[in-house]
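Welcome! Please take a moment to look over the sequence and the model below, and then we can walk through them together.

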Amino acid sequence: LRGQGLMAPVYLVQSNGGVATPTIAASQPARLLLSGPSGGARAAEILAGSLGEKNLVAVDMGGTSYDVSLVQNGRVRLINLGEVDGCPVRLPMVEMRTIGAGGGSLATTDDGQSLRVGPNSAGAEPGPSCYGRGGERPTVTDANCHLGRIDAGQFLGGTMTLNPTMAARALEKEVAKPLGMDLDTAADGVLRVAVSHMSSAIRLSLFEKGLDPADFALVSFGGASGLHACDTAADLNIRTVIFPRDPGTFSAWGMLWSDITHNISRSILMPACDDAEQHLAPVIAAMTDQGHESLVADGIGILDHRIEFELDLRYPGQAYEIAVPYRQGGGIGAALTAFHDAHQAQFSHCDETSAVDIVNVRMTAHGLLRKPAATPVIAPTKIAQPNLRQVFLDGTRRDLPVYQRQQLPEGELIGPLIIEDPHSTLLIPTGWSLKLALAGEIIARYEGTEP
């Protein structure tokens, strides 16, 4: 990089949403697991603050996977025990649920004459059948192509041409004929099954924490997500969908907002009683010194250090803990209240009369980095009239208006309609309306009584 004249400092993104120097990354490479998706979660957190939305479900749909993360009360949820490919990882990481549902997810029928979509994927090579690279099995992208939801002649801003005939051939052979359906119904079925998988992943992420999807807005990014976001939200009774600017690079944008982050934990099994703070004080002092030393070694000035603490708490006899914020000098009472509230929300019960154990003390040391400057939205030089394209929607083929995102008119638009930009396509179904936010995001809202 320096040989090419780039003299900026180099950082690597960690799975906790922060960044690390190459030295730390080389000595602790496990901290880089799932670092890419964590950038999307960080971007959603920044977006939540700018739009005044405290609770967001962030979904990233690419070619092979569908990643779900949560922003609750303006903060990304972190976990201290994750899993990667079946292996437990005891490191802080953004809580992420990933399923095999992307544009390249394969559609198949089993012996019981039922339709399956994913988790296997066509990958980039050969890719979906409509790519014309030798793929013979139908995918979610093939279904979208056949139904007219993707402009086959202007895919990727016109740099690639899709072949709807090959998509139809694969769908006919693998789905429509085995199930005794017409081709449009079969392709629509592929998308319905895919949406069902996506909404189930979100539902699990929320229900296991006692959260109601109706209290959240959906943030849709990744190249394929915009085609399915409103349908997924409707299945969950989510009434607001946010489409950020440049959805294909949203995760990378989020990485630019990350700070250097060090996570340190100490086991200290003791009751969370009134005198707990005096026993915690020396442990916290030593951890604070360690945090400052780590950030100084990273070249971060002391004025840009921010130290935060959490306590892992549990009821006696439990085999799991809940992490809650802890502020030294504020007494243990606030942490206990937060623990009881979190236990009630997550497990539908709590016991405020029970003793509580402290299991671990956790410290996060943030080294604040310079953030990117806001880029103004360029007003369109002209407002183009939408084109019309025949699309299968709501059980029939119909002409839908197709807008270019860079030329959207001011004011509210009413679905159904399609919005295209060079790297993504947004489908706004019947019953939804949209408007542009000041920073260029598209906010879609369901206007009916029930999605």
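Predicted model: local features only at pLDDT ≥ 70, side-chain atom pairs only at ≥ 80, totals over all residues.

## The chain as a whole

The protein chain has 9 helices and 25 strands. Of its 451 residues, 47% count as buried. Looking at contacts with a separation of 6 or more, 62% come from residues 24 or more positions apart.

## Surface and charge

The accessible surface of the protein chain comes to about 21,600 Å², and carbon and sulfur atoms account for 52% of that.

Let us turn to one residue in a strand. Ser 105 belongs to strand S11, which covers residues 105-109. Is Ser 105 buried or exposed? Ser 105 has a relative accessible area of 1%, and because the cut-off for buried is under 20%, Ser 105 counts as buried.

The side chain of Ser 105 has polar partners in the backbone. One is the backbone nitrogen of Gly 102, reached at 2.7 Å. Another is the backbone oxygen of Gly 100, which lies 3.4 Å from a polar atom of the Ser 105 side chain. Leaving out residues up to four places away in sequence, Ser 105 touches a list of residues including Gly 63, Thr 64, Val 117, Gly 118, Asn 120 and Pro 138.

## Cis peptide bonds

Gly 118, one of the residues that Ser 105 touches, leads us to the next feature. Most residues other than glycine have a negative phi, and most peptide bonds are trans. Which kind of peptide bond joins Gly 118 and Pro 119? That bond is cis, with omega about 0 degrees. Pro 119 sits in strand S12, which covers residues 115-121.

A cis peptide bond also joins Gly 415 and Pro 416, where omega is about 10 degrees. Pro 416 is in the loop between strand S21 (413-414) and strand S22 (417-421).

## Positive phi angles

Asn 73 is not a glycine, although its phi is positive, at about 55 degrees. You can find Asn 73 in the loop between strand S4 (66-72) and strand S5 (75-76). Its relative accessibility is 52%, and because exposed means over 50%, Asn 73 counts as exposed.

Leu 156 is a residue other than glycine with a positive phi, near 55 degrees. Leu 156 lies in the loop between helix H3 (140-146) and helix H4 (164-179). With a relative accessible area of 38%, Leu 156 is partly exposed.

## Side chains that reach the backbone

The loop between H3 and H4 also holds Asn 163, a residue that is partly exposed at 31% relative accessibility. Which backbone nitrogens does the side chain of Asn 163 meet? A polar atom of the side chain lies 3.0 Å from the backbone nitrogen of Thr 165, and the side chain reaches the backbone nitrogen of Met 166 at 3.1 Å. Asn 163 is 11 residues from Ala 152 in sequence, and their C-alpha atoms are 6.7 Å apart.

Gln 318 is placed in the loop between strand S16 (305-314) and strand S17 (322-326). At 15% relative accessibility, Gln 318 counts as buried. A polar atom of its side chain lies 2.9 Å from the backbone nitrogen of Tyr 315, and a polar contact of 3.0 Å joins the side chains of Gln 318 and His 343.

## A glycine in a helix

Our last stop is Gly 254, in helix H7 (residues 250-255). Gly 254 is buried, with a relative accessible area of 0%. How far apart are Gly 254 and Ser 38 in sequence and in space? They are separated by 216 residues in sequence, and by 8.5 Å from C-alpha to C-alpha. Apart from neighbours within four places in sequence, Gly 254 is in contact with Gly 39, Arg 42 and Ala 43.

Notes
Residues numbered from 1 in each chain as written. Heavy atoms only, no water. Helix = DSSP H or I, 4+ residues; strand = E, 2+ residues; numbered from the N terminus. Buried < 20%, exposed > 50% of the residue type's maximum accessible area, 1.4 Å probe, protein only. Polar contact = N/O pair within 3.5 Å; in protein donor to acceptor, adjacent residues only side chain to side chain. Contact = heavy atoms within 4.5 Å. Areas by Shrake-Rupley, 256 points an atom, 1.4 Å probe, with all protein chains shown as cover.
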